[in-house]
Amino acid sequence: MSAVDFLAGIIAAGAKVSVASLAHPELVRSLLKQGLLRDAGVMGSVVCVDCEEPHAAEVVFDTDEYGHICPTLGLISRARDDIAAVDVSLPSLITSLADAFDCTRRKATPIHGNTWRVGAVHTDHGDVMIYFHPRLSDEIDARNLTDALSREVTSKWRLIITAEGRLPISGAATATLCEIASSPEDGEGLVSIVDPREIVSVPAAPKTGAPNRFGETIMALIRSRIETGTALPGRNEEAKAVLALIERDPGSDVPTLPTVKSYVTKARSG
Ligand SMILES: [Zn+2]
């Protein structure tokens, strides 16, 4: 299971989840460290399996310990680790997505309800506006999303990212989180695995256009650092080092750090 699949599953659950119920403790630790998951205290209820009939029971805090009340057996104490909960930090997720796609016009809070604007990706044919909505599985999700989008400036190209479901929406393309991003092993956030311009079918830029003007030079620089063993181990620190080298050359266009980072990722993946 990839970290992004795992994260998408928790978002799709729509509530905090019990850490003990999650199958991949190493992913939980890594995602907590990255801030994509956050500590959500303890679960509100548990299933009592201590008596004959399993039943749901509210978690209580009694003097100095957690437990649940069983009608048959009374107070049964539970270790905090057994009932600890996590949920997804949507603000961190949105920032990670915006970094992965090198977005401008970002927004740190939802535009309305549960719909977030990740930001804009520039193309020669107008900006692609990227939004996030946790689920797009039924009519209510679709209505909530279109209601939120109606409050935004109209844009020619829109991409909606969801954790689960991709109901067709008029005037927008949809994609799931797992289709567009992955989480590299180094634990430094998300990277894009597709170009949003392709998903929404923006016509290819003319060959003489601005996009990719840094590409070849930067890739050559990054590859030579790998070959000569001067590349730094972390993607972030390597991207910063490469950016510093580019900035030293007064004549060159200076890309953003996420752009350099995406080239580092590309060079390392072969
Ligand atoms: Zn019971």
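Q: How far apart do the C-alpha centres of domain 1 and domain 2 lie?
A: In this predicted model, the C-alpha centres of domain 1 and domain 2 are 29 Å apart. The chain is divided into domain 1 (3-88), domain 2 (90-199) and domain 3 (215-268).

Q: How many residues of domain 1 are in contact with domain 2?
A: Two residues are in contact if their C-beta atoms, placed from the backbone, lie within 7 Å. By this criterion, 13 residues of domain 1 are in contact with 16 residues of domain 2. On the side of domain 1 that touches domain 2, helix H1 (3-13) and helix H2 (25-34) are the elements giving two or more residues. H1 gives the most, with 6 residues. By class, this side of domain 1 has 7 nonpolar, 4 polar and 2 charged residues.

Q: Which residues make the contact of H8 with H10?
A: H8 contributes Ile 218, Met 219, Ile 222, Arg 223 and Ile 226, while H10 contributes Val 260, Tyr 263, Val 264 and Ala 267.

Q: What classes of residue make up the contact of H8 with H10?
A: The contact has 8 nonpolar, no polar and 1 charged residues. Arg counts as charged, and Arg 223 of H8 is among the contact residues.

Conventions: Residues numbered from 1 in each chain as written. Predicted model: local features only at pLDDT ≥ 70, side-chain atom pairs only at ≥ 80, totals over all residues. Helix = DSSP H or I, 4+ residues; strand = E, 2+ residues; numbered from the N terminus. Domains from an automatic or database assignment.
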